[in-house]
Amino acid sequence: MTGASANLWEKLQAIDRRILYLLLLAVVIAPLFLPIRLPTVTMPSTQRLYDAIESIPPNGFVIISATWSGGTRAENMPQTVAILRHAMQRGLRVAVFSFDVQGSQLSLNIARKLAAEYGYEYGKNWVHWGYRPQIGVVMKSMVRDIPGTFDKDYDGKPTKDMPVMQGIKDIQNVDAIVEIAASGIYADWIGLVVGANPKLKFGFCPTSVMVPETYPYLASGQIVGTMEGMRGAAEYENLLRKPGLASVGMGSISLAHVLIMVLIVIGNIGYFATRTRRSQ
């Protein structure tokens, strides 16, 4: 090994970490302005959630709980957009609410934007029940009395006489519940609500780190399908043939992974080359 090449490998092992951070920043930002369309393979769990929403008859009633905040917005917001878009594409009645204060406002903004896109009329086609504290109390109450549990909407207006609520008395009148969350709240839904209506379809949209713990419930059928982090949202967007923020974000994630793998390979080659040189 020549002196020049030996010097090169030593330099590669001592790259200033600020340069690495700049490289990472560049590969994360670049796809946001120059989107990379990567092929998408739909996971069975995503397909199952999509099929479950597809199976609901027109004018069916879907509850979407957006229990997330700004900290997980990158993953939970595209999930919320995708599931709301699907429900509105299919002409389903939609009720949105949240067990998180921030999630209530964020989901309201998303629902208003999509409602305008699909011509959904507030009070007739969709409603937002606002923020609800006390998870267990709300879930146990809605099993037997939905109008009484959600008697007012986000703005404090009575919901009882809204057309979207017509025929909705208890959990038996609900076709599906989709929870979008960064917590283990799915266990509360399964324990307190899902079993009360054997025909109810319960979907869950977790952040990526939570995905493995949901597999037993997917296998048992207690969760009908999942949308797993940003990847799951990108898959769902592909099924809807409506690429969005998740599809763009997957370009950033993929490039960042490639960069990290390349740096790991370079670092290891440099380490072994330097060690070989010193042993000679």
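**Entry 1: strand β5**

I started with strand β5, residues 201-205, and looked up how much of it is hidden: four of its five residues are buried, so the strand is largely enclosed by the rest of the structure. A reminder to myself that this is a predicted model.

Next I looked for the neighbours of β5. On one count, strand β4 (residues 176-181) pairs with β5 in the parallel sense, over five bridges. Within that pairing I found Ile-177 opposite Phe-202 of β5. Strand β6, residues 225-226, also runs parallel to β5, joined by two bridges. Here Phe-204 stands opposite Thr-226 of β6.

Then I followed the connections. β4, helix α8 (residues 186-192) and β5 form a right-handed β-α-β unit. From β5, the chain makes another right-handed β-α-β unit with helix α9 (residues 211-220) and β6.

**Entry 2: helix α3**

Which residues of helix α3 are buried? In this helix, residues 44-54, I noted Ser-45, Thr-46, Leu-49, Tyr-50, Ala-52 and Ile-53. Looking down the axis of α3, I see its buried residues within an arc of 160 degrees, so they line one face of the helix.

What do the buried residues of α3 pack against? My list reads α4 (73-89), β4, β5, α9, β6 and α10 (229-240).

**Entry 3: aromatic rings**

I turned to the rings and found 13 aromatic pairs in the structure. For Phe-99 and Trp-189, the ring centres are 6.3 Å apart and the planes stand at 55 degrees, so I logged the pair as tilted. Phe-99 sits in the loop between β2 (93-98) and α5 (101-118) while Trp-189 is in helix α8, so the pair ties together parts 90 residues apart in sequence. Buried or exposed, I wondered, is Trp-189? Trp-189 is buried, at a relative accessible area of 0%, and Phe-99 is buried as well, at 10%.

Tyr-186 and Tyr-217 make an edge-to-face pair, with 5.2 Å from centre to centre and 65 degrees between the planes. This pair also links distant parts of the chain, with Tyr-186 in helix α8 and Tyr-217 in helix α9, 31 residues apart. Tyr-186 is buried, with a relative accessible area of 5%, whereas Tyr-217 is partly exposed, at 27%.

Methods
Residues are numbered from 1 along each chain as its sequence is written. This is a predicted model: local features need pLDDT of at least 70, side-chain atom pairs count only at pLDDT 80 or more; totals for chains, interfaces and linings use all residues. Side-chain values use heavy atoms; hydrogens and water are left out. Buried means under 20% relative accessible area, exposed over 50%, partly exposed in between (1.4 Å probe, protein chains only). Two strands pair if DSSP finds at least two bridges between them. A crossover is right-handed if, with the strands pointing away from the viewer, the path from the first strand over the helix to the second runs clockwise. The arc is that of the directions from the helix axis to the C-beta atoms. Contact means heavy atoms within 4.5 Å. Rings of Phe, Tyr and Trp (its six-membered ring) pair if their centres lie within 6.5 Å; planes under 30 degrees apart count as stacked, over 60 as edge-to-face and the rest as tilted.
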